[in-house]
Amino acid sequence: MCGIVGALSSHEVAPLLVEALKRLEYRGYDSAGIATINGGILDRRRAVGKLANLSDLLVHDPLPGKSGIGHTRWATHGAAKVGNAHPHRAGSVAVVHNGIVENFRDLREELIAADIQPRTDTDTETVVLMTEYLRTQGLGVVDATRAAVARLEGAFALCFLFEGEDDLLIAARRGSPLVIGHGDGETFVGSDAIALASLTDRITYLEEGDTAILTRTSVEIRDAQDTPIKRPARRVRLDLALPDKQGHKHFMAKEIAEQPMVLAEALKGYAMGNGLSFHERGLNFTDVDRMVMTACGTAYLSCLTAKYWFERLARLPVEVDIASEFRYREPPVAPDTLAVFVSQSGETADTLAALKYVRKQARRIVAVVNQTESSIARESDIVLPIQAGTEIGVASTKAFTNMLIVLAAMAVQAGLDKNAFDKTVAAERLTALHTLPGLINRVFVGETAYARIGRKLAEANDILFLGRGAMFPIALEGALKLKEISYIHAEGYAAG
């Protein structure tokens with residue numbers, strides 16, 4: 001996933017942008033770049049590979065200026081080469097972009113017909129070319145940007161910088177998250193709060209369809225209907241935002257090791273002793289006759305696992321959908337349905353779109369999320385935090401475990417509410433859940449054996465994961481993890 005930063009600072013901005021981009025390295029990337037305004041002149045530096053390459057370039061070819069944007073790119077449209085790296089520029093406009101512009105080919109044909117020739121293979125270049133073209137048609141900076149963004153289809157976050165405008169950034173989001181940071185006479189933009197942790201602890205989360213016009217002393221936000229709107233600024237805890245491997249070689253290794261601790265913390269929030277706290281949170285299954293669970297990726301597989309628990313423990317019918325399929329299938333949703341949406345970030349575009357589809361149909365909407373101030377959380381009736389803490393590793397580990405523990409505790413509550421078992425049985429099940437942190441700690445004893453097995457598996461071209469019952473979605477998750485981490489072809493199959 002690409003990373004975005006932007007800054008209107010009182011200091012030289014290039015070092016600030018590079019430092020902020022380092023905080024986004026966990027997302028994965030294959031090129032990086034920054035652009036600044038100095039004396040009204042727009043310039044940029046880009047490099048393929050690690051941020052160290054960009055840093056080396058800036059040592060030999062400095063980029064002065066106190067206004068700028070930066071980006072780490074994971075190639076989608078176009079190969080990983082300098083010409084395709086961000087920021088992209090056309091004339092007086094530069095842009096950094098996270099997401100995909102689905103209609104970029106149609107827009108590109110329109111630009112070519114106007115004798116404007118693209119120079120890269122990327123969808124992002126279309127954004128900057130269209131914005132510059134609209135400026136040549138007489139539109140001002142803000143109007144041209146809004147008109148260009150209105151033409152885009154897809155999920156994206158954008159940050160624009162303009163030559164001759166050293167006190168202006170324009171940011172826009174649709175689908176992909178974007179935050180504004182507030183400093184003392186400074187303003188910042190980031191893909192998430194982690195990027196801005198060294199710059200400010202006051203954050204405003206842009207919502208779906210928002211456009212923000214930023215100066216050093218002001219932030220003007222307009223919603224999807226172009227109506228001026230206030231979004232609250234919140235303090236974020238920097239100790240949670242700062243990436244730190246804490247002695248581990250990789251963030252993923254650190255987060256695997258954190259599972260017993262965060263699992264116990266999540267259990268403490270929902271199952272103290274033999275009691276459950278879901279009723280206090282507004283969640284009661286007594287009048288629920290059906291559940292719909294929707295998510296993407298690892299979160300979807302947590303739902304697929306929990307389906308077995310809800311149906312066996314509570315005899316409650318559960319339908320599980322990948323959010324994109326649910327969204328485009330547009331299924332009927334009965335009024336007695338409980339709709340559950342699961343997402344680590346709370347910003348997953350397809351999951352958010354599916355939530356909005358069921359908003360006026362389901363009895364209640366429940367968000368199981370790690371980020372309680374996210375879009376999905378704000379759109380839901382009930383928010384159940386998984387309390388996994390900041391997850392840096394690209395492949396989800398502790399968030400998956402905590403999704404499962406929250407869903408398991410929910411299933412016990414559902415069984416009680418539906419009279420599928422009594423409080424004695426519920427207490428036994430909760431006691432079993434409370435043993436999990438200790439059991440996971442025991443698993444870590446075998447790390448030497450896991451390394452030996454890992455070296456053997458690394459020689460394979462294809463690996464099959466087999467599972468039966470609730471272990472079938474766990475097999476799917478195992479295959480997903482192996483593909484994400486090693487690029488070895490892997491598949492999960494039902495053992496039957």
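In which strand is Thr72 found? Thr72 sits in β4, residues 67-73. Before going further, note that this is a predicted model, where local features need pLDDT of at least 70, side-chain atom pairs count only at pLDDT 80 or more, and totals for chains, interfaces and linings use all residues. Residues are numbered from 1 along each chain as its sequence is written, and side-chain values use heavy atoms, with hydrogens and water left out.

Start with the whole protein. It has 17 helices and 22 strands. Both are DSSP runs numbered from the N terminus: helices are H or I with at least four residues, strands are E with at least two. The radius of gyration is 24 Å, close to the 23 Å that the globule rule gives for 496 residues, so the protein is as compact as a globular protein of that length. That radius is taken over C-alpha atoms, and the rule is 2.2 Å times the number of residues to the power 0.38. Along the principal axes, the C-alpha atoms fill a box of roughly 75 × 55 × 45 Å.

Now the packing. Of the 496 residues, 52% count as buried. Buried means under 20% relative accessible area, exposed means over 50%, and partly exposed lies in between (1.4 Å probe, protein chains only). Take the contacts with a separation of 6 or more: residues 24 or more positions apart account for 67% of them. A contact means heavy atoms within 4.5 Å.

Return to Thr72. Its relative accessibility is 0%, so Thr72 counts as buried. Leaving aside neighbours within four places in sequence, its contacts include Cys2, Gly3, Leu21 and Leu24. Tyr29, Ser31, Ala32 and Leu51 also touch Thr72.

Follow the chain beyond β4. The loop between β4 and β5 (88-90) holds Pro87. A cis peptide bond joins His86 and Pro87, with omega about -5°. Most peptide bonds are trans, and most residues other than glycine have a negative phi.

Arg315 is not a glycine, yet its phi is positive, about 55°. Arg315 lies in the loop between α9 (297-314) and β17 (318-322). Its relative accessible area is 65%, so Arg315 is exposed. Tyr487 is not a glycine either, and its phi is positive at about 65°. Tyr487 is in the loop between α17 (471-486) and β22 (489-494). With a relative accessible area of 65%, Tyr487 is exposed.

Next, look around α12. Gln371 lies in the loop between β19 (364-369) and α12. At 34% relative accessibility, Gln371 counts as partly exposed. Beyond its neighbours within four places in sequence, Gln371 contacts Gln344, Ser345 and Ala377. Gln371 and Val383 are 12 residues apart in sequence, and their C-alpha atoms are 9.9 Å apart in space.

Is Ser380 buried or exposed? Ser380 is buried, because its relative accessible area is 12%. A polar atom of the Ser380 side chain lies 2.7 Å from the backbone oxygen of Ile376. Leaving aside neighbours within four places in sequence, Ser380 is in contact with Leu355, Arg359, Ile365, Val366 and Ala367.

Terms used: A polar contact is a pair of N or O atoms within 3.5 Å; within protein, one must be able to donate a hydrogen and the other to accept it, and residues adjacent in sequence count only if both atoms are side-chain atoms.
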